[in-house]
Amino acid sequence: MLPQKTLDQYKAVFFDVGDTLLTIPAARVIMQQFLASRSFHRGEERIGELFTEAFRLFYYGKQIDPFEVCTPESDRAFWMKLYRYILQHLGVEEERWTEEQIHACCHELYDLFTSPEHYALFEDVKECMVALKNRGLRLGIISNFAPTLRSILEHKGILHYFDPVIVSTEVGLEKPDPAIFRLSLERSGLAAEDVLYVGDHDLNDIWAPAQAGIDAVKIKRYDYHTGDGIYSLRELL
C-alpha cells in the first residue's frame, strides 16, 4: 500500500541507503577482478548469479533475533557468511583453498565492499534531495550498514543533507527491529505521523516502520522488486 497522504502533509522524509540511494554498480566485476588477482578465475555472469542468489537467501530471508545487538563485528560476520557462500559455490574448495585463505578472502571482500570508492548514487538522488529540502522537508537516514556509511555518504557529497543519520552498527539496533525507527523519532524530535520512510525491502523498510507508526513507500530499483511502490525518487515529488 502507498501512503494516502500527500508529501506536504509530512515534515520529514527518511531513507534507507543500500539499493535506495546508492549501489555498487559493478559488484560482479569488482569481485571477478579481486578473485583473478588471487589466481581464481570465474565468469562475471556466474558471479552475478551467485550474488543475487546469496542476497535473496541471506539478506532478504534474514530472520532477526530481537535479543542480538547489532555491532560492527556482527555486521562483518553476516557479510562474510554471504561471501563464503558465493566462494563455495564458485568452487574454491575444489581449487584447494585452505580454510585460512577463504576466511582471509571474505574479510578482504567485506573491506572492499564497505569502502566508498565503489559506490555510486542512483541518478535521481541529488536532484531529489535538493528538491525535498527546498520544499521545507527534513531528511534523515535509517540504515543497516557498516560503520563506514558516513564516510561513503560524505564521499558522494550527500551526507550534509541528512539529520539524523541512524546506522545499525553505531546504535546497536538493526531493521526490521521497530526500535531503530523509534530511536530515529527520539533523536529527531518528530512524531511518527510526521515522517515518511523510503526503502526497498518489504520487511525492513515497509513492515518495520509501520510497527512504529511511520508511513513507508517501497522503491523498486531492480526487476526482482515486486509489489506496490515507486520506481524513482522523482515520483515522491
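A salt bridge is a side-chain nitrogen of Lys or Arg within 4 Å of a carboxyl oxygen of Asp or Glu. With that in mind, welcome to these close-up views of a predicted model.

**View 1. Asp124 and Arg221 form a salt bridge.** The closest N and O atoms of this pair are 3.0 Å apart. Asp124 sits in the loop between strand S3 (120–121) and H5, while Arg221 belongs to the segment after S7, so the bridge ties together parts that are 97 residues apart in sequence. Are the two partners buried or exposed? Asp124 is buried, because its relative accessibility is 0% and the cut-off for buried is under 20%. Arg221, at 16%, is buried too.

**View 2. Asp16, Lys175 and Asp205 join into one network.** Here the salt bridges share partners, and that is how the three residues are connected. Across the whole structure, a search finds 15 salt bridges.

**View 3. Asp8 meets Arg135 in a salt bridge.** The N to O distance between their side chains is 3.2 Å. Which parts of the chain does this pair link? Asp8 comes from the segment before strand S1 (12–15), and Arg135 from the loop between helix H5 (125–134) and strand S4 (138–143), 127 residues apart. Asp8 is exposed, with a relative accessible area of 59%, whereas Arg135 counts as partly exposed at 39%.

**View 4. Arg38 and Glu108 are joined by a salt bridge.** Look for the closest N and O atoms, which are 2.5 Å apart. This is another link between distant parts of the chain: Arg38 lies in the loop between helix H1 (27–36) and H2, and Glu108 lies in helix H4 (residues 99–113), 70 residues apart. Arg38 is partly exposed, with a relative accessible area of 32%. Glu108 is also partly exposed, at 35%.

**View 5. Helix H9 (residues 202–211) has buried residues.** Which ones are they? Asn204, Asp205, Ala208 and Pro209 are buried. Seen down the axis of H9, these residues fall within an arc of 100°, so they line one face of the helix. Their packing partners are helix H2 (44–59), helix H8 (179–188), strand S6 (195–199) and strand S7 (215–218). After H9 comes Gly213, with a positive phi near 85°.

Technical notes. Residues are numbered from 1 along each chain as its sequence is written. This is a predicted model: local features need pLDDT of at least 70, side-chain atom pairs count only at pLDDT 80 or more; totals for chains, interfaces and linings use all residues. Side-chain values use heavy atoms; hydrogens and water are left out. Buried means under 20% relative accessible area, exposed over 50%, partly exposed in between (1.4 Å probe, protein chains only). Helices (H or I, at least four residues) and strands (E, at least two) are DSSP runs, numbered from the N terminus. The arc is that of the directions from the helix axis to the C-beta atoms. Contact means heavy atoms within 4.5 Å.
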